[in-house]
Amino acid sequence: MAASRKLLELFYDVVSPYSWLAFEVLCRYRNVWNVDLRLRPGFLGGLMNLSGNRPPAMVPLKGLYMVKDIERLAQYCNVPLRQPSDFFGSVIEKGSLQAMRFVTAVEMKHPEFVESVSRELWMRIWSRDEDITQPESLLAAASKAGVQPQHAKELLGMISNPDVKNRLKQTTDEAAKHGAFGMPVIVAHVDGVPHMFFGSDRFELIAYLLREKWFGPVPSRNAPKL
């Protein structure tokens, strides 16, 4: 009898570069592991407030380490991460609330585009050094992700909708209930029990829990040929 598929939930925010790394690795592994992947767009700023945490870049030595860490991880994970030219302006001051409301609207109305829209927003802020806060930026990301223009405009109009705001808050609160204090957070559901993992560097442990094999961040490159 084939083993039942396990559920992996990824709670993420496009303002987080480590979320992008986790996102891409999990998207690759859903075709390798016996899992279903559920993308859960949340709001990192809200989660930090709920948990009493603070951004690592606000601690000078952590910020310096993060620059080098991202550079190494980008190469290791084969993800085109590049530090924004104005990190504090783009990441800390502008933040991602509007972007994550937009992704939430996509999740609610056109869930088939959540992956591609999320990826394009990461590409904008964390690869091409572009804005993700202005309406035209969100529309451009949606267009590049394959969303039809009329649907993109409809989604943009939804970001001020109370239902969208509440959905984003509920997802963020759910991450907090799992014990999250930052993003990304991966919740693996095994035999009815949720297991929470923080960060983009716990895949070996997740594989162990799932009784799966870990072939590195690019499994197609490292998996043995059968």
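Me: In this predicted model, which residue forms a salt bridge with R124?

Reply: The model is a predicted one, so side-chain atom pairs count only at pLDDT 80 or more. A salt bridge here requires a side-chain nitrogen of Lys or Arg within 4 Å of a carboxyl oxygen of Asp or Glu, and the closest N and O atoms of this pair are 3.2 Å apart.

Me: Is R40 buried or exposed?

Reply: The cut-off for a buried residue is under 20% relative accessible area, and R40 has a relative accessibility of 4%. E174, its salt-bridge partner, is partly exposed with a relative accessible area of 28%. By that cut-off, R40 counts as buried.

Me: How many residues apart in sequence are the parts that E107 and R167 tie together?

Reply: E107 and R167 form a salt bridge in which the closest N and O atoms are 3.8 Å apart. E107 lies in helix α5 (residues 97-109) and R167 in helix α9, so the pair ties together parts of the chain that are separated in sequence by 60 residues.

Me: Which helix gives the most to the lining of the largest pocket?

Reply: The largest pocket has a volume of about 870 Å³ and is lined by 37 residues, with Y18, L44, P55, P56 and M183 lying nearest its centre. Helices α1 (17-29), α2, α3 and α4 (87-93) each supply at least two residues of this lining. With 5 residues, the helix that gives the most is α3.

Me: How many residues in the lining of the largest pocket are nonpolar?

Reply: The lining is made up of 37 residues, which divide into nonpolar, polar and charged groups.

Me: Which peptide bond is cis, with omega near 10°?

Reply: M183 is one of the residues nearest the centre of the largest pocket, and P184 is found in the loop between α9 (162-177) and β3 (185-190). The peptide bond that is cis, with omega near 10°, runs from M183 to P184.

Me: Where is D129, a residue with a positive phi although it is not a glycine?

Reply: D129 has a phi of about 60° and is partly exposed, with a relative accessible area of 37%. Another residue other than glycine with a positive phi is N78, at near 55°, and N78 sits in the loop between α3 and α4. D129, for its part, is in the loop between α6 (114-126) and α7 (135-144).

Me: Which residues make the nonpolar surface patch of about 240 Å²?

Reply: Patches are made of residues with over 30% relative accessible area and no salt bridge, and M58 is partly exposed with a relative accessible area of 35%. M58 is found in the loop between α2 (44-51) and α3 (60-77). The residues that make the patch are M58, F88 and I92.

How values were computed:
Residues are numbered from 1 along each chain as its sequence is written. This is a predicted model: local features need pLDDT of at least 70, side-chain atom pairs count only at pLDDT 80 or more; totals for chains, interfaces and linings use all residues. Side-chain values use heavy atoms; hydrogens and water are left out. Patches are made of residues with over 30% relative accessible area and no salt bridge: like charges are joined within 9 Å, nonpolar side chains (Val, Leu, Ile, Met, Phe, Trp, Tyr) within 5 Å. Accessible areas come from the Shrake-Rupley method with a 1.4 Å probe; for residues, only the protein chains shown count as cover. Helices (H or I, at least four residues) and strands (E, at least two) are DSSP runs, numbered from the N terminus. Buried means under 20% relative accessible area, exposed over 50%, partly exposed in between (1.4 Å probe, protein chains only). On a 1 Å grid over the protein atoms alone, a cavity is a set of points where a 1.4 Å probe fits but cannot get out, and a pocket is an open set with protein on both sides within 12 Å along at least five of seven lines; lining residues have an atom within 4 Å of a point. Grid points are joined across faces, edges and corners, and a volume is the space filled by probe spheres set on the points. Ala, Val, Leu, Ile, Met, Phe, Trp, Tyr, Cys and Pro count as nonpolar, Asp, Glu, Lys and Arg as charged, and the others, Gly among them, as polar.
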